[in-house]
Amino acid sequence: MNFNTILYRLGIDPDNFINQENEPIRTDKGFIYEVNQRTDQRICPNCHNNHVTIKDYDIVEINCSETDQIEDILRIRKVRFKCKDCGKTYTPAIKGIEPYSKTSSQTIQMIYNDFTDNLTFSQIAKRYRMSVNRVIQIFDEKVKYVPRRPLPEILCIDEIRFEEEYDQKYCCVLYSLKDGEIVDIIKNRQLAYLKEYFEGIPKAERDKVKYFISDMYDGYKTIYRQYFKNAIHIIDLFHVITQLTSAVNRLRVKVMNSQPHDSIYYHFMKAHWKQFLCRRSNIENRFYTPKSTGIRYHFDDLVFECVQSDPDLLTAYNILQDLYKYNQKNNFQEAIDFVRFISDRLIQSDNDYLISVGRTYKKWETGIANCLARSQNKIHLTNAIAESLNNQLKTIIKSAYGYHNFERFRKRAMLIISYNPKRKSR
């Protein structure tokens, strides 16, 4: 491979150097390519005169690695000139290497491209054999701003835990259900932050949102009423069911602890708690055989016997099954009648857990009915995309051992999920 070809492959302009054939030096990690900077660039950049002399030389090594398999180093014998007229010294710039950088522009561009992949800063640093702090520095220098995506017709809003500080515990994430991407990440889900953010979005753009999907956080209802008056507010079914499954689970624990610790019911309810929270049709088709008796009990029979042992647990379990079985083809009026029916049943119970869930359902009955009434919305809309992308965000935070700089986290998450060309081509 000749002199020019080597330099072009490394992303360096050969015109920077004296054309001479040098065999690369093989190392355990890769190759070292030695070059000498040209000495005929004798125009002073300060006074623009050519009365300059060579002051000295300096050896610098530039990281030109392209992969984590081979470490390519460009060892440059740089020349430093001194101007006789102005007395200042200078070193001519090298095309393909940024001033004061020890990494080639090509390698920096490859690092920049890796920022859209789901790689940690540590993994990128290892790939190009540099420090993690240097990779973060490149990220901050090259990724100054990542714009939000336009508001979609179906806007999902949710939150994710970010920091432990009181005023920065959760950040708010906007999603597009149709595109499966993040629209933007807001620093905080507190109402003041949300109002300031949505005030900055033109009303014409906000009016294009037809469906606003959220959980039962009061701040989201306020934002919906103030900024998305043309949209239909939908409470995500996942959060509706979670309210009731939490109550069922608390009652299961209460009933379990009331049983003798050596009883079949106690051991079954403790070991197989998930069977009490799923659809009855999804209960595992298997048998439970206690060592003490050797008698086989079908899972379905044991679940039914356990829930029948307590009136509150039976009520909560039956309502949960009704919610699972609800026919989503019904219209809005039938949906809201159903929500009112189950909320009244819960409120009329004597259990504080169930009364609390019933009051919550009553408070959000319109949004829940909008979720259940498929015929009104033409399609069944949920926040499932938000839950899926939230898991990706948690992975980004966890794999980086936590992001303490919100803007850096936001930009990295947007690049990986919303601006990744590889992801969009799938």
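Author: Helices (H or I, at least four residues) and strands (E, at least two) are DSSP runs, numbered from the N terminus. The model is predicted, so local features need pLDDT of at least 70 and side-chain atom pairs count only at pLDDT 80 or more, while totals for chains, interfaces and linings use all residues. Residues are numbered from 1 along each chain as its sequence is written, and side-chain values use heavy atoms, with hydrogens and water left out.

Reader: Which strands each supply at least two residues of the lining of the largest pocket?

Author: On a 1 Å grid over the protein atoms alone, a pocket is an open set of points where a 1.4 Å probe fits, with protein on both sides within 12 Å along at least five of seven lines; lining residues have an atom within 4 Å of a point. By this rule the largest pocket has 19 lining residues, and Lys78, Thr91, Pro92, Pro99 and Tyr100 lie nearest its centre. The strands that each give at least two residues to the lining are S3 (52-63), S4 (71-83) and S5 (89-90).

Reader: Which strand gives the largest share of that lining?

Author: The lining divides into 10 nonpolar, three polar and six charged residues. Here Ala, Val, Leu, Ile, Met, Phe, Trp, Tyr, Cys and Pro count as nonpolar, Asp, Glu, Lys and Arg as charged, and the others, Gly among them, as polar. The largest share, four residues, comes from S3.

Reader: How much space lies in the largest pocket?

Author: Grid points are joined across faces, edges and corners, and a volume is the space filled by probe spheres set on the points. For the largest pocket this space is about 510 Å³.

Reader: What is the order of the strands in the open sheet of five strands?

Author: Strands of a sheet pair through backbone hydrogen bonds, either parallel or antiparallel. Two strands count as paired if DSSP finds at least two bridges between them. The open sheet has mixed pairing, and its order is S8-S7-S6-S9-S10.

Reader: Why is one side of S8 and of S10 left without a neighbour in the sheet?

Author: Strand S8 (181-186) and strand S10 (232-235) each have a single partner strand, so one side of each lacks a neighbour in the sheet; the reason is that both stand at the edges.

By how much are neighbouring strands of this sheet turned against each other on average? Axes are lines fitted to C-alpha atoms, and angles run from 0 to 180 degrees between N-to-C directions. With direction ignored, the average turn is 25 degrees.

Reader: Which residue in S9 is the bridge partner of Leu155?

Author: Strand S6 (residues 154-161) runs antiparallel to strand S7 (residues 170-176), joined by seven bridges, and Ile157 stands opposite Leu174 in S7. S6 also pairs with strand S9 (residues 211-214), in the parallel sense over three bridges. In S9, the partner of Leu155 is Phe212.

Reader: How many of the eight residues of S6 are buried?

Author: Buried means under 20% relative accessible area, exposed over 50%, and partly exposed in between (1.4 Å probe, protein chains only). S6 is mostly covered by this rule, and its count of buried residues is seven.

Reader: Which residue in the turn of the hairpin of S7 and S8 has a positive phi?

Author: S7 and S8 pair in the antiparallel sense over five bridges, one of which sets Tyr175 against Ile182 in S8. The two strands form a hairpin with four residues between them, and the residue in the turn with a positive phi, about 65 degrees, is Gly180.

Reader: Is His48 buried or exposed?

Author: Most residues other than glycine have a negative phi. His48 has a positive phi of about 65 degrees although it is not a glycine, and its place is in the loop between strand S2 (30-36) and S3. Because its relative accessibility is 58%, His48 counts as exposed.

Reader: What is the relative accessible area of Arg129?

Author: Arg129 lies in the loop between helix H3 (121-127) and helix H4 (132-142). Although not a glycine, Arg129 has a positive phi of about 55 degrees. Arg129 is partly exposed, because its relative accessible area is 31%.

Reader: How many disulfides does a search of the whole structure find?

Author: A disulfide is a pair of cysteine sulfur atoms within 2.5 Å. Cys156 is buried at 0% relative accessible area, and Cys306 is buried at 1%. The number of disulfides found in the whole structure is zero.
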